[in-house]
Amino acid sequence: MRVVIALGGNALLKRGEPMTAEVQRQNIKIAAEAIAPIAAEHQIVVTHGNGPQVGLLALQGSAYKPEEAYPLDILGAETEGMIGYMLEQELGNVLPFEVPLATILTMVEVDGNDPGFQNPTKFVGPVYDASEAGELHQQKGWVFKQDGNKWRRVVASPIPRRIFELRPIQWLLDKGAVVICAGGGGIPTMYEPGKERTLIGVEAVIDKDLCSALLARDIEADLLILATDAEAVFTGWGTPERKAIFKTNPQRLGEFSFPAGSMGPKVEAACHFVNATGRVAAIGALADIPAMVRAERGTIISSSFSDITWHVEVPIPGPASRPV
């Protein structure tokens, strides 16, 4: 099979952990060990989040004058290289030496008139107390929204329209490479108004799950896995009635409401992929990636399922854990 694996924030930085290179490397090592067992049998494409990393670079850039700070598209490109390097190295440590690995800096086209620019929703950077967020809003003009009991910066998140590097991604897959691409939803770009062939960067962050679904569709993947820190998609999240969905179809899954800042984009992306291709998507825990390939764990979404099957027994995440 051809499998696209979208690594959520837990693959790089767990909530509340310090944003250090060593912490990220340890988490990426866990991700690599989860991916390695299936790489021997299937073609693998890995995508990943970059919200904390982009936020960190933006904070570092605050040392510059406002007009000298690097824009978000360039920061996104930096994080694709940084995280791709770590993923390549840790995957190389657990895969056979002869398996080629490649990271592709991936430009993704967005529409300059996308309504997402009018309503920033994409979380980037660390969490803050309300007072800290208020000070940064006054100092830098950043927009903040509540994330759990903390506050985080939000930026525009336009819908991905086209992935420019599809041909080299296909070429690498045909040569047996494990490909790392579309990190952080890709580098947001668009054609400059009035100039048909002039690409420019865009001050935004594309949702990584929607971009991963677009990528999976365009490369004709058989399976899209959205890995997070929840064992499955839960209904009634945060209540005593919460239940974990095992198998269902996009229509039934669409009957439920999920948080826009966490599980919502994953469910939306998974349903988009299944509806567009007739193939299968899965949402679940990073450690359960091999079991999701076998349709034994996580939430499996397919048009072939007529109703909802519930997990009989799935560990409920503790209070410090939440889907991201």
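Let's start with Phe246, a buried residue with a relative accessible area of 17%. Buried means under 20% relative accessible area, exposed means over 50%, and partly exposed is in between, with a 1.4 Å probe and protein chains only.

Some ground rules. This is a predicted model, where local features need pLDDT of at least 70 and side-chain atom pairs count only at pLDDT 80 or more, while totals for chains, interfaces and linings use all residues. Residues are numbered from 1 along each chain as its sequence is written, and side-chain values use heavy atoms, with hydrogens and water left out.

Back to Phe246. Its place is strand β14, residues 243–248. Strands here are DSSP runs of E, at least two residues, and helices are runs of H or I, at least four residues, numbered from the N terminus. What does Phe246 touch, leaving aside residues up to four places away in sequence? The list is Ala295, Glu296, Arg297, Gly298, Thr299, Ile300, Thr309, Trp310 and His311. Contact means heavy atoms within 4.5 Å. Now take Thr79. Along the chain, Thr79 and Phe246 are 167 residues apart. Their C-alpha atoms are separated by 34 Å.

Keep Arg297 in mind from that contact list. The side chain of Arg297 also meets that of Asp288 in a salt bridge, at 3.6 Å, N to O. A salt bridge is a side-chain nitrogen of Lys or Arg within 4 Å of a carboxyl oxygen of Asp or Glu. Asp288 is buried, at 15% relative accessible area. Arg297 counts as partly exposed, at 25%. Elsewhere, salt bridges with shared partners link Lys208, Asp209 and Lys266 into one network.

How many salt bridges turn up in a search of the whole structure? The search finds 14. Two more examples. Arg252 and Glu255 meet through their side chains at 3.0 Å, N to O. Arg252 is partly exposed, at 23%, and Glu255 is exposed, at 52%. Then there is Lys195 with Glu192, at 4.0 Å, N to O. Lys195 is partly exposed, with a relative accessible area of 44%. Glu192 is partly exposed too, at 27%.

Next, a sheet. Four strands make an open sheet, in the order β8-β4-β10-β11, with mixed pairing. Two strands pair if DSSP finds at least two bridges between them. Which strands stand at the edges? They are β8 (162–163) and β11 (199–201). Each has a single partner strand, so one side of each is left without a neighbour in the sheet. The partner pair β4 and β8 is antiparallel, over two bridges, with β4 covering residues 107–109. Within the sheet, Val108 stands opposite Ile163 in β8.

Helix α3, residues 72–94, lies across β10 (187–191) and β11. Helix α3 runs at about 135° to β10. For such angles, axes are lines fitted to C-alpha atoms, for helices over the stretch in contact, and the angles run from 0 to 180 degrees between N-to-C directions.

For Cys181, the nearest cysteine sulfur is that of Cys211, 8.0 Å away. Cys181 is buried, at 1% relative accessibility. Cys271 is in no disulfide either, and the sulfur of Cys211 is again the nearest, 18 Å away. Cys271 is buried, at 10%.

Definitions and conventions. Disulfide = S-S within 2.5 Å.
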